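Q: I would like to learn how to read helix packing and loop geometry from a model. Please go feature by feature.

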Amino acid sequence: MAYKNFKKTEIIDELGIELRKVRNTKRLTLAQVADALEKRGTHVSSIMLGRIETGQRRIDDDLFHALCEFYHADPNEITIKACQIHIAALQKE
C-alpha cells in the first residue's frame with residue numbers, strides 16, 4: 001500500500017534516494033538485492049524496494065538495517081545525508 005500525503009517533515013524520499021545511490025554504486029539490480037536479502041531471511045520484493053527508493057513506500061527499521069548491512073553501509077551516515085538533503089530542500093522552499 002502506497003502512503004499518500006507525506007508531511008514535509010518526513011525524509012521518505014531522501015532515504016530512498018540515498019539507498020538507491022548505494023545500490024547503484026554497488027552495481028546491483030533491485031532483483032539482485034531482493035534475492036540476496038531473501039537468502040538472509042529478510043522478505044522483500046524488488047517492487048517494494050523500488051517503491052522505497054522512489055519514496056512511494058516507507059521503510060521500516062528492520063529492512064533499513066538489513067539493507068545497510070548487505071550494502072556494508074553505515075545507517076547513520078545514510079540517515080544524516082538524507083536529512084541534509086531534506087533540510088536543503090526545505091530551505092529552498
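Q: Is the crossing of H2 and H3 left-handed or right-handed?

A: A crossing is left-handed if the near helix is turned anticlockwise from the far one by less than a right angle, and right-handed if clockwise. The crossing of H2 and H3 is right-handed. The helices here are DSSP runs (H or I, at least four residues), numbered from the N terminus. Note that this is a predicted model, in which local features need pLDDT of at least 70 and side-chain atom pairs count only at pLDDT 80 or more, while totals for chains, interfaces and linings use all residues. Residues are numbered from 1 along each chain as its sequence is written, and side-chain values use heavy atoms, with hydrogens and water left out.

Q: At what angle do H2 and H3 pack?

A: Two packed helices are described by the angle between their axes and the distance between the axes. Axes are lines fitted to C-alpha atoms, for helices over the stretch in contact, and angles run from 0 to 180 degrees between N-to-C directions. For H2 and H3 the angle is about 115°, and the axes are 8 Å apart.

Q: Which residues of H2 and H3 meet?

A: Contact means heavy atoms within 4.5 Å. From H2 come Leu 30, Ala 31, Val 33 and Ala 34, and from H3 come Ser 46, Leu 49, Gly 50 and Glu 53. By class, this contact has 5 nonpolar, 2 polar and 1 charged residues. Ala, Val, Leu, Ile, Met, Phe, Trp, Tyr, Cys and Pro count as nonpolar, Asp, Glu, Lys and Arg as charged, and the others, Gly among them, as polar.

Q: Which residues are buried in H3?

A: Buried means under 20% relative accessible area, exposed over 50%, and partly exposed in between (1.4 Å probe, protein chains only). In H3, residues 46-53, the buried ones are Leu 49, Gly 50, Ile 52 and Glu 53. Seen down the axis of H3, they fall within an arc of 160° (taken from the directions from the helix axis to the C-beta atoms), so they line one face of the helix. Their cover includes H1 (12-25), H2 (30-39) and H4 (61-71).

Q: How do the axes of H1 and H5 cross?

A: The axes of H1 and H5 (residues 75-92) come within 8 Å and cross at roughly 125°. That makes H1 oblique to H5; angles under 35 degrees count as roughly parallel, over 145 as roughly antiparallel, 65 to 115 as roughly perpendicular and the rest as oblique. H1 passes H5 in a right-handed crossing. Glu 14, Leu 15, Glu 18, Leu 19, Lys 21 and Val 22 of H1 meet Ile 78, Thr 79, Lys 81, Ala 82, Ile 85 and His 86 of H5. These residues divide into 6 nonpolar, 2 polar and 4 charged.

Q: How far apart are Lys 81 and Glu 14 in sequence and in space?

A: Lys 81 and Glu 14 are 67 residues apart in sequence and 8.2 Å apart in space, C-alpha to C-alpha. Lys 81 is partly exposed, at a relative accessible area of 36%.

Q: Where is a positive phi found in a residue other than glycine?

A: One case is His 72, with phi near 55°, in the loop between H4 and H5. His 72 counts as exposed, at 69% relative accessibility. Arg 27, not a glycine, has a positive phi of about 60° and sits in the loop between H1 and H2. Arg 27 is exposed, with a relative accessible area of 75%.

Conventions: Helices (H or I, at least four residues) and strands (E, at least two) are DSSP runs, numbered from the N terminus.
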